[in-house]
Amino acid sequence: MATIQARISASAELSDILLAELGEIGFDIFEDTEEGFFAYCPEALFNQEAFQEIIDRYQALGRIEIEMGRIEKQNWNHVWESNYDPIRISNLLFIRASFHESEPGYQMELVINPKMSFGTGHHETTSLMVETLFTLDLEGKSVLDAGTGTGILAFVAKKLGATPVIGFDVDEWSVENSMENAGLNDLTSVRFDLGTIRDQSTDEYDVLLANINRNILLDEMAEYARRIKPGGHLLLSGFYQEDVPLLLQEASEAGLSFISEREKNRWTCLHLRKF
(Lines give C-alpha, C1' and ligand atoms only; values in the text may rest on other atoms or scores of the structure.)
Protein backbone atom coordinates (compact mmCIF):
# COMPACT_ATOMS: atom_id res chain seq x y z
CA MET A 1 0.00 0.00 0.00
CA ALA A 2 1.41 3.37 -1.04
CA THR A 3 1.20 6.62 0.88
CA ILE A 4 0.09 10.06 -0.32
CA GLN A 5 2.53 12.84 0.55
CA ALA A 6 1.45 16.49 0.60
CA ARG A 7 4.10 19.19 0.97
CA ILE A 8 2.30 22.28 2.21
CA SER A 9 3.82 25.76 2.40
CA ALA A 10 1.89 28.23 4.55
CA SER A 11 2.29 30.56 7.52
CA ALA A 12 2.84 29.02 10.95
CA GLU A 13 -0.68 29.97 12.08
CA LEU A 14 -2.29 28.60 8.94
CA SER A 15 -0.14 25.46 9.08
CA ASP A 16 -1.47 24.72 12.58
CA ILE A 17 -5.04 25.00 11.31
CA LEU A 18 -4.40 22.85 8.25
CA LEU A 19 -2.55 20.21 10.28
CA ALA A 20 -5.54 19.84 12.60
CA GLU A 21 -8.01 19.68 9.68
CA LEU A 22 -5.99 17.11 7.73
CA GLY A 23 -5.75 14.97 10.85
CA GLU A 24 -9.52 14.52 10.60
CA ILE A 25 -9.48 13.08 7.05
CA GLY A 26 -6.89 10.33 7.31
CA PHE A 27 -3.54 12.13 7.42
CA ASP A 28 -1.67 10.69 10.41
CA ILE A 29 2.01 11.60 9.93
CA PHE A 30 3.22 15.20 9.95
CA GLU A 31 6.71 16.63 9.64
CA ASP A 32 7.47 20.33 10.13
CA THR A 33 9.51 22.24 7.57
CA GLU A 34 10.80 25.83 7.51
CA GLU A 35 7.98 26.81 5.14
CA GLY A 36 5.16 24.64 6.48
CA PHE A 37 4.93 20.87 6.82
CA PHE A 38 4.73 17.48 5.12
CA ALA A 39 1.51 15.50 5.62
CA TYR A 40 1.19 11.77 4.90
CA CYS A 41 -1.94 9.68 4.40
CA PRO A 42 -2.31 5.98 3.49
CA GLU A 43 -3.47 5.90 -0.12
CA ALA A 44 -6.48 3.77 0.76
CA LEU A 45 -7.72 6.52 3.10
CA PHE A 46 -6.96 9.51 0.89
CA ASN A 47 -10.03 11.51 -0.20
CA GLN A 48 -9.09 14.06 -2.87
CA GLU A 49 -12.42 15.88 -2.63
CA ALA A 50 -12.20 16.29 1.16
CA PHE A 51 -8.56 17.38 0.88
CA GLN A 52 -9.35 20.02 -1.74
CA GLU A 53 -12.35 21.28 0.24
CA ILE A 54 -10.10 21.99 3.23
CA ILE A 55 -7.51 23.81 1.09
CA ASP A 56 -10.18 25.88 -0.69
CA ARG A 57 -11.80 26.82 2.62
CA TYR A 58 -8.60 28.37 3.99
CA GLN A 59 -7.13 29.90 0.84
CA ALA A 60 -8.65 33.27 1.76
CA LEU A 61 -6.66 33.36 5.01
CA GLY A 62 -3.27 33.38 3.33
CA ARG A 63 -0.93 31.80 0.80
CA ILE A 64 -1.10 28.01 0.59
CA GLU A 65 1.18 26.14 -1.82
CA ILE A 66 0.88 22.39 -2.28
CA GLU A 67 3.02 19.69 -3.89
CA MET A 68 1.49 16.22 -3.99
CA GLY A 69 3.36 12.96 -4.32
CA ARG A 70 3.02 9.23 -3.86
CA ILE A 71 5.50 7.11 -1.87
CA GLU A 72 5.74 3.38 -2.41
CA LYS A 73 6.12 1.29 0.74
CA GLN A 74 9.40 -0.22 -0.45
CA ASN A 75 10.99 3.23 -0.86
CA TRP A 76 10.27 4.44 2.65
CA ASN A 77 13.29 2.90 4.37
CA HIS A 78 15.62 5.26 2.52
CA VAL A 79 13.44 8.25 3.37
CA TRP A 80 13.34 7.69 7.11
CA GLU A 81 16.92 6.48 7.37
CA SER A 82 18.10 9.71 5.76
CA ASN A 83 16.04 11.95 8.07
CA TYR A 84 15.45 10.06 11.30
CA ASP A 85 17.35 11.59 14.21
CA PRO A 86 17.62 10.15 17.74
CA ILE A 87 15.04 11.40 20.23
CA ARG A 88 15.88 12.57 23.73
CA ILE A 89 13.05 12.97 26.25
CA SER A 90 14.47 14.78 29.30
CA ASN A 91 16.89 12.37 30.99
CA LEU A 92 14.21 9.68 30.87
CA LEU A 93 14.33 8.12 27.43
CA PHE A 94 16.71 7.91 24.48
CA ILE A 95 15.14 6.58 21.27
CA ARG A 96 17.43 5.63 18.41
CA ALA A 97 17.26 3.70 15.18
CA SER A 98 19.33 0.55 14.78
CA PHE A 99 21.94 2.48 12.76
CA HIS A 100 22.53 5.02 15.59
CA GLU A 101 25.00 4.58 18.43
CA SER A 102 23.79 4.19 22.01
CA GLU A 103 24.04 7.26 24.24
CA PRO A 104 24.56 7.21 28.03
CA GLY A 105 22.78 9.35 30.59
CA TYR A 106 19.19 8.19 30.19
CA GLN A 107 17.04 6.00 32.41
CA MET A 108 15.82 4.02 29.42
CA GLU A 109 16.75 3.37 25.78
CA LEU A 110 14.66 2.03 22.92
CA VAL A 111 15.60 1.00 19.39
CA ILE A 112 12.85 2.00 16.96
CA ASN A 113 12.98 1.51 13.19
CA PRO A 114 9.77 3.37 12.26
CA LYS A 115 9.53 2.71 8.51
CA MET A 116 6.07 3.88 7.40
CA SER A 117 4.24 3.73 10.73
CA PHE A 118 3.06 6.80 12.59
CA GLY A 119 4.78 7.32 15.91
CA THR A 120 8.46 7.98 15.27
CA GLY A 121 8.63 9.61 18.69
CA HIS A 122 9.60 13.07 17.44
CA HIS A 123 6.18 14.59 18.10
CA GLU A 124 5.48 16.57 21.27
CA THR A 125 2.65 14.24 22.22
CA THR A 126 5.04 11.30 22.53
CA SER A 127 7.24 13.25 24.94
CA LEU A 128 4.21 14.27 26.99
CA MET A 129 2.91 10.71 27.22
CA VAL A 130 6.34 9.31 28.11
CA GLU A 131 6.90 11.91 30.83
CA THR A 132 3.50 11.11 32.33
CA LEU A 133 4.12 7.36 32.15
CA PHE A 134 7.28 7.80 34.20
CA THR A 135 5.20 9.33 37.02
CA LEU A 136 3.12 6.15 37.42
CA ASP A 137 3.94 3.01 39.37
CA LEU A 138 3.57 0.41 36.62
CA GLU A 139 5.18 -2.57 38.34
CA GLY A 140 2.92 -5.56 37.67
CA LYS A 141 0.18 -3.37 36.16
CA SER A 142 -1.72 -4.27 32.99
CA VAL A 143 -1.51 -1.75 30.12
CA LEU A 144 -3.46 -1.32 26.87
CA ASP A 145 -1.95 1.01 24.23
CA ALA A 146 -4.58 2.27 21.77
CA GLY A 147 -3.20 3.39 18.42
CA THR A 148 0.25 2.06 19.23
CA GLY A 149 2.06 3.41 16.13
CA THR A 150 5.59 2.02 16.37
CA GLY A 151 5.03 0.61 19.88
CA ILE A 152 7.03 3.22 21.79
CA LEU A 153 4.56 3.77 24.64
CA ALA A 154 3.88 0.05 25.00
CA PHE A 155 7.62 -0.62 25.25
CA VAL A 156 8.13 2.14 27.83
CA ALA A 157 5.32 0.68 29.93
CA LYS A 158 6.83 -2.78 29.71
CA LYS A 159 10.29 -1.55 30.69
CA LEU A 160 8.70 0.24 33.66
CA GLY A 161 7.45 -3.12 34.91
CA ALA A 162 3.97 -3.38 33.40
CA THR A 163 2.57 -6.81 32.53
CA PRO A 164 0.75 -7.77 30.45
CA VAL A 165 1.12 -5.03 27.82
CA ILE A 166 -1.02 -5.06 24.67
CA GLY A 167 -0.96 -2.56 21.82
CA PHE A 168 -3.22 -2.28 18.80
CA ASP A 169 -3.58 -0.11 15.70
CA VAL A 170 -5.84 0.18 12.66
CA ASP A 171 -2.78 0.28 10.38
CA GLU A 172 -1.42 -3.19 9.66
CA TRP A 173 1.99 -1.65 8.90
CA SER A 174 2.03 -0.29 12.46
CA VAL A 175 1.27 -3.72 13.88
CA GLU A 176 3.92 -5.34 11.70
CA ASN A 177 6.48 -2.65 12.55
CA SER A 178 5.70 -2.76 16.28
CA MET A 179 6.35 -6.50 16.28
CA GLU A 180 9.69 -5.91 14.57
CA ASN A 181 10.58 -3.21 17.11
CA ALA A 182 9.61 -5.55 19.95
CA GLY A 183 12.22 -7.97 18.67
CA LEU A 184 14.85 -5.23 18.47
CA ASN A 185 14.27 -4.45 22.17
CA ASP A 186 13.88 -8.02 23.48
CA LEU A 187 10.28 -7.22 24.37
CA THR A 188 8.48 -9.91 22.38
CA SER A 189 6.12 -10.53 25.28
CA VAL A 190 4.33 -7.29 24.29
CA ARG A 191 1.39 -8.27 22.09
CA PHE A 192 0.16 -6.24 19.12
CA ASP A 193 -3.27 -6.59 17.48
CA LEU A 194 -4.94 -5.09 14.41
CA GLY A 195 -8.15 -3.10 14.89
CA THR A 196 -9.82 -0.40 16.97
CA ILE A 197 -10.76 -0.28 20.65
CA ARG A 198 -14.13 -1.78 19.72
CA ASP A 199 -12.35 -4.87 18.39
CA GLN A 200 -10.66 -5.43 21.75
CA SER A 201 -12.17 -7.60 24.46
CA THR A 202 -13.79 -5.82 27.38
CA ASP A 203 -11.08 -7.00 29.76
CA GLU A 204 -10.16 -4.24 32.21
CA TYR A 205 -6.66 -2.76 32.51
CA ASP A 206 -4.83 -0.76 35.14
CA VAL A 207 -3.66 1.77 32.57
CA LEU A 208 -4.95 2.67 29.11
CA LEU A 209 -2.91 4.86 26.74
CA ALA A 210 -4.36 6.71 23.73
CA ASN A 211 -2.21 9.13 21.74
CA ILE A 212 -4.45 9.59 18.70
CA ASN A 213 -6.49 12.72 17.83
CA ARG A 214 -9.34 14.67 19.33
CA ASN A 215 -12.24 13.28 17.33
CA ILE A 216 -11.27 9.65 17.80
CA LEU A 217 -10.70 10.23 21.53
CA LEU A 218 -14.13 11.82 21.87
CA ASP A 219 -15.77 9.00 19.92
CA GLU A 220 -14.02 6.25 21.87
CA MET A 221 -13.92 7.74 25.39
CA ALA A 222 -16.69 5.52 26.76
CA GLU A 223 -14.98 2.47 25.25
CA TYR A 224 -11.74 3.38 27.02
CA ALA A 225 -13.58 3.83 30.32
CA ARG A 226 -15.21 0.37 29.99
CA ARG A 227 -11.75 -1.19 29.77
CA ILE A 228 -10.19 0.52 32.79
CA LYS A 229 -10.31 -1.00 36.26
CA PRO A 230 -11.75 1.08 39.11
CA GLY A 231 -8.86 3.25 40.27
CA GLY A 232 -7.13 2.76 36.93
CA HIS A 233 -5.52 5.43 34.78
CA LEU A 234 -6.19 6.86 31.32
CA LEU A 235 -3.51 8.91 29.54
CA LEU A 236 -4.67 10.88 26.49
CA SER A 237 -2.81 12.99 23.95
CA GLY A 238 -2.95 14.03 20.30
CA PHE A 239 -4.90 17.28 20.72
CA TYR A 240 -4.42 20.98 21.41
CA GLN A 241 -4.87 22.87 24.68
CA GLU A 242 -8.13 24.40 23.45
CA ASP A 243 -9.62 20.90 23.07
CA VAL A 244 -9.19 20.08 26.77
CA PRO A 245 -12.62 21.31 28.03
CA LEU A 246 -14.48 19.20 25.46
CA LEU A 247 -12.43 16.12 26.28
CA LEU A 248 -12.83 16.60 30.01
CA GLN A 249 -16.59 16.89 29.60
CA GLU A 250 -16.71 13.63 27.63
CA ALA A 251 -14.40 11.97 30.15
CA SER A 252 -16.59 13.06 33.06
CA GLU A 253 -19.68 11.59 31.39
CA ALA A 254 -17.76 8.32 31.04
CA GLY A 255 -16.92 8.25 34.76
CA LEU A 256 -13.35 9.55 34.51
CA SER A 257 -11.86 12.27 36.71
CA PHE A 258 -9.11 14.78 35.95
CA ILE A 259 -5.75 14.26 37.67
CA SER A 260 -3.28 16.45 35.79
CA GLU A 261 -2.21 17.79 32.41
CA ARG A 262 1.00 18.62 30.57
CA GLU A 263 1.41 20.99 27.64
CA LYS A 264 4.10 21.55 25.03
CA ASN A 265 3.70 23.92 22.08
CA ARG A 266 -0.08 23.81 22.62
CA TRP A 267 -0.11 19.99 22.38
CA THR A 268 -1.56 18.53 25.57
CA CYS A 269 -1.58 15.29 27.57
CA LEU A 270 -4.35 14.54 30.06
CA HIS A 271 -4.03 12.16 32.99
CA LEU A 272 -7.46 10.87 34.05
CA ARG A 273 -8.55 8.26 36.56
CA LYS A 274 -11.58 6.02 36.94
CA PHE A 275 -12.84 6.25 40.52
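Strands β9 and β10 (residues 191-194) run parallel to each other, paired over four bridges; pairing here takes at least two DSSP bridges between the strands. One of the links is between Ile166 and Arg191, the latter being the bridge partner in β10. To get from β9 to β10 the chain goes through helix α6 (residues 172-184), and this β-α-β crossover is right-handed. Right-handed means that, with the strands pointing away from the viewer, the path from the first strand over the helix to the second runs clockwise.

All of this comes from a predicted model, in which local features need pLDDT of at least 70 and side-chain atom pairs count only at pLDDT 80 or more, while totals for chains, interfaces and linings use all residues. Residues are numbered from 1 along each chain as its sequence is written, and side-chain values use heavy atoms, with hydrogens and water left out.

On its other pairing, β9 meets strand β8 (residues 143-146), again in the parallel sense and over four bridges. Here Asp145 has Gly167 of β9 as its bridge partner. Together, β8, α5 and β9 form a right-handed β-α-β unit.

How well covered is β9 (residues 165-169)? Five of its five residues are buried, that is, under 20% relative accessible area with a 1.4 Å probe and protein chains only (over 50% would be exposed, in between partly exposed). Val165, Gly167 and Asp169 are buried on one side of the strand, and Ile166 and Phe168 on the other.

Helix α5 (residues 152-159) is largely enclosed by the rest of the structure, because six of its eight residues are buried. The buried set is Ile152, Leu153, Ala154, Phe155, Val156 and Ala157. After the helix comes Gly161, with a positive phi near 105°.

Elsewhere, Glu223 sits in helix α7 (residues 214-226). With a relative accessible area of 15%, Glu223 counts as buried. Its side chain makes a polar contact of 2.7 Å with that of Arg227; such a contact is a pair of N or O atoms within 3.5 Å, one able to donate a hydrogen and the other to accept it within protein, and residues adjacent in sequence count only through side-chain atoms on both sides. Setting aside neighbours within four places in sequence, Glu223 also touches Ile197 and Arg198, contact being heavy atoms within 4.5 Å.

As for cysteines, Cys41 is buried at 0% relative accessibility, and Cys269 is buried at 1% relative accessible area.

Technical notes: Helix = DSSP H or I, 4+ residues; strand = E, 2+ residues; numbered from the N terminus.
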